[in-house]
Amino acid sequence: MSLIGRSVKRLEDRPLLSGSGRFAADVTVPDMLYMRVVRSPIAFGRLSGLRIAEALAHPGTIAVWTAEDVADIPPIGFRLTPVPGLEPYRQPVLANGHVRYVGEPIAAVFAADPYMAEDIADLVAPAIEPLEPCLDPAASPREFAPGRSTEAAVITKAYGDLDTAFTGAHAVVALELIIGRHSGVPLETRGAIAVPEAATGILRLYGAAKVPHYNRQALAAMLGLPLDRVHLHEGHVGGGFGIRGELYPEDVLTCAAALRLGRPVKWIEDRYEHLVAANQSRGSVHRVRAAVDEHGFILGLDDEFWFDQGGYLRTHGVTVTDLTCAMLPGPYTIPAYRSVGHVRLTNKTPCGTYRAPGRFEASFVRERLVDVIAHRLGLDPVVVRRRNFIAKTAMPFRREFSALGTDIVYDTGDYAGLLDKFLDRVGWVTLRADVARRRQAGEMVGLGLGFFVEKSGLGPFDDVRITLGNDGTIEVITGAASIGQGVETVLAQICADGLGTGLDRIRVIHGQTDRIARGMGAFASRVTVMTGAAVTIAAAKLRGELLRVAGQLLQTAPDRLAVIANRVVVSDAPSGPSLDLGAIARGAGGDLTADATFTTDRMTYPYGVHLAQVRVQRDSCAITVERFFVGYDVGRAVNPMLVEGQIVGGAAQGIGAALLEEFVYDASGQPQSVTLADYLMPTIAEIPAIEVSLFEDAPTPLNPLGVKGAGEAGIAAAGAAIATAVDDAVGRPGAVRQLPITPNRLHALLAELPAAER
Amino acid sequence: MSERQDVTFTVNGDKHAIRIEPRRSLADALREDCGLTGTHLGCEHGVCGACTVLVDDQPVRSCLMFAVQAEGARVRTVEGLAAGDKLHPLQQAFWDHHGLQCGFCTPGFLMLAVGILERDPDIAEPELREALSSNLCRCTGYQNILKSVLAAATEMRK
């Protein structure tokens with residue numbers, strides 16, 4: 001029986017359940033030093049000096065570094081979406097000349113005890129001459145550095161004749177929308193343990209995540225080391241969500257210190273640091289308008305937005321802005337389109353990607369707009385969506401621009417079909433009637449829909465090596481990474497399915513640069529698609545080889561052999577002679593190995609819909625999400641339990657993003673959300689049962705399994721659906737213009753309503 | 001820095017006599033001085049609950065308690081839950097019901113749930129939800145955690 005499609009229990013759970021996981025802080029090696037980073041207390045200013053004499057005089061001090069000590073290390077480069085002209089905006093590993101956000105590293109101290117390292121860091125006194133911070137991304141650009149504007153880039157994606165669309169429109173609907181700054185905030189903070197191996201000359205970095213192979217290359221280049229002298233090792237990772245595992249200043253400092261001080265160096269971020277130093281995301285202001293005909297068909301869509309990038313451009317380059325432009329049209333035809341995204345430097349923590357980058361934002365903007373169009377024209381929002389959907393028969397559907405360096409071609413999809421099935425499954429008619437009845441009785445309750453198109457499976461390649469050892473174990477060596485999503489289980493399922501063996505023999509290796517030369521890691525919902533496809537190919541090859549060798553040993557034609565319960569048997573005589581897998585490897589002279597590479601220049605485009613039901617408390621303006629539904633077509637689910645787990649977890653983050661989570665800065669650029677009591681993540685009390693309907697109606701032809709990614713489906717349109725549900729609850733379509741919808745903001749919205757409607 | 005002090009407590013039944021600074025948190029003492037890294041630190045300011053352990057059977061944020069305050073106490077951590085190869089019913093239920101993804105918050109949730117179910121084996125779902133809202137999870141969206149604890153409660157009542 002095929003293992004693909006079965007909700008098997010995870011292979012990775014046992015150590016995690018018994019306290020024997022190995023997260024970054026758990027890594028300890030002898031003779032270790034601890035690094036503590038001194039950070040800017042000022043949002044923007046001229047760093048005129050650092051007084052380090054007291055710190056140097058502390059008896060526990062091993063070293064104190066300032067920018068001068070790392071002057072030979074270049075700023076951190078771009079992993080994704082570089083566009084010309086971004087280099088001046090890269091972040092140095094220690095601030096040099098100016099500080100550009102509260103939390104920016106300005107010095108690093110090293111001591112043999114972590115408490116002592118903090119004591120010493122407190123003795124470092126920076127001299128900073130404050131300057132007027134730039135906090136509003138949509139304000140006029142200013143000077144970032146001599147001759148450099150705070151507008152680092154402008155991304156434009158457009159097609160069709162927008163002028164004609166607007167001239168001939170039945171109506172034009174315009175909105176200004178604001179999306180708050182929030183981010184992944186994984187439960188494990190970042191960490192890095194750099195170990196210089198005297199015997200081999202190799203520098204090993206533990207605590208790696210997400211993209212170990214890329215970071216290995218970047219670190220080797222920055223530190224002037226040959227590639228074969230640097231290895232990265234991923235242990236357990238306490239959540240990724242896009243932000244963990246990118247290359248940050250602290251990773252570089254830790255490695256440089258290990259090399260220069262000749263001792264292992266450990267750095268573990270504390271939560272305050274995380275909330276001011278790790279990538280933030282999302283913050284943007286959109287001015288959008290749509291030209292529509294009298295049936296609600298969108299003739300043209302024109303969006304201009306300003307992305308609040310923070311103090312520097314980090315490894316993601318302009319990815320978030322690029323994806324926002326590319327994914328805004330979503331599931332709708334939209335014959336004429338223009339999106340202009342301004343990447344604006346501000347004096348806040350720098351930004352990168354967070355789960356569903358560009359799609360959370362774009363879905364909020366687009367689906368808000370569709371609901372307002374429906375209201376303006378007196379049409380049912382479901383009907384307006386149906387009228388604008390790209391037809392199933394139009395697939396594959398090409399947008400006339402690219403994203404992440406790939407052409408956007410929606411591979412497969414039946415958007416109207418999914419919406420129909422989903423509304424049927426959730427009992428839309430009954431839900432609406434219930435809400436109407438409760439509203440009649442005086443409650444403020446409402447429903448909101450958000451449709452979205454996702455993207456997944458970014459290439460260009462993934463390599464896999466599967467080895468059958470002479471003890472019968474099967475090792476699947478990948479260049480993927482695991483950030484807690486169940487990579488080992490899913491890849492083992494695919495491998496076992498291909499080989500015909502059980503899961504018990506299979507061990508999946510990921511995130512170890514000394515085990516495989518290349519690897520793309522885990523981002524963009526790519527692992528099951530890309531690494532899964534490579535495993536499929538390698539497993540088929542290995543099975544052929546396995547049966548060929550077994551055929552020789554059993555003196556039987558390979559096509560008469562089968563793999564049953566980890567043994568090769570003769571198909572028509574299963575009780576006759578058979579061979580254990582280990583015996584076959586031994587018969588082949590040791591190990592049996594198959595290598596495979598899967599390449600693609602296209603992404604797959606899964607799609608889905610969110611539906612939120614909310615209740616608003618009139619006096620306190622508290623918003624409760626009563627029910628939350630997700631319908632999603634994943635092409636094919638390798639492990640439905642894990643796919644649902646991804647979606648439910650993403651939806652919880654989406655509810656947080658819509659109602660609770662925001663990095664707030666005061667007028668001087670001081671971050672206000674610096675503890676988990678200020679940056680509010682949902683607890684179980686805020687999260688209802690998330691009701692997931694998985695569909696497999698549109699498998700992709702782009703990979704052998706037909707799978708699409710699932711990592712970002714839960715969050716993509718959560719902001720849109722909840723905003724509409726709140727509109728519906730307060731009886732004002734389009735009322736919500738800003739996320740998160742805090743009680744204060746909702747109170748202000750209700751105050752705008754005529755007294756009779758409150 | 002300040003004078004180190006002697007502290008003695010038991011962890012999972014084993015006696016630990018350690019010499020530490022008074023400012024050392026119980027979590028750091030467990031992790032660094034007792035070598036039990038199953039207790040995780042997610043915020044070090046008492047919000048996330050990843051560091052929850054049982055001190056004399058009460059769930060406690062070990063990041064907010066000084067190790068010296070545990071003098072003479074009976075501490076239980078995630079490492080003490082399983083009996084050899086046999087997982088505790090809560091561990092088993094988290095596995096069966098996909099109650100974890102990255103696993104970082106899991107030890108804290110397990111210890112919190114052990115504390116809850118030992119005190120009130122028949123706890124009703126609304127009260128259980130309320131009690132579980134002490135801890136944060138960023139991956140699961142909580143519903144499989146709730147499912148796991150309810151399943152374990154049933155198992156533990158048998």
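Tutor: Two residues are in contact if their C-beta atoms, placed from the backbone, lie within 7 Å. The model here is a predicted one.

Student: OK. Which domains does the assignment give for chain B?

Tutor: The domain assignment of chain B gives domain 1, covering 5–80, and domain 2, covering 89–157.

Student: How many residues of domain 1 of chain B are in contact with domain 2 of chain B?

Tutor: On the domain 1 side of chain B there are 16, in contact with 13 residues of domain 2 of chain B.

Student: What separates the centres of the two domains of chain B?

Tutor: Taken over C-alpha atoms, the centres of domain 1 and domain 2 of chain B are 21 Å apart.

Student: Switching to the chains. How many residues of chain A are in contact with chain B?

Tutor: Chain A has 44 residues in contact with 45 residues of chain B.

Student: Which helices of chain A supply at least two residues each?

Tutor: For the side of chain A that touches chain B, they are helix H1 (13–18), helix H3 (114–121) and helix H16 (640–659) of chain A. H16(A) gives the most to that side, six residues.

Student: What about residue classes there, by class?

Tutor: The side of chain A that touches chain B has 23 nonpolar, 13 polar and eight charged residues.

Terms used
Residues are numbered from 1 along each chain as its sequence is written. Chains are lettered from A and ligands numbered from 1 in the order in which they are written. This is a predicted model: local features need pLDDT of at least 70, side-chain atom pairs count only at pLDDT 80 or more; totals for chains, interfaces and linings use all residues. Domain bounds come from an automatic or database domain assignment. Helices (H or I, at least four residues) and strands (E, at least two) are DSSP runs, numbered from the N terminus. Ala, Val, Leu, Ile, Met, Phe, Trp, Tyr, Cys and Pro count as nonpolar, Asp, Glu, Lys and Arg as charged, and the others, Gly among them, as polar.
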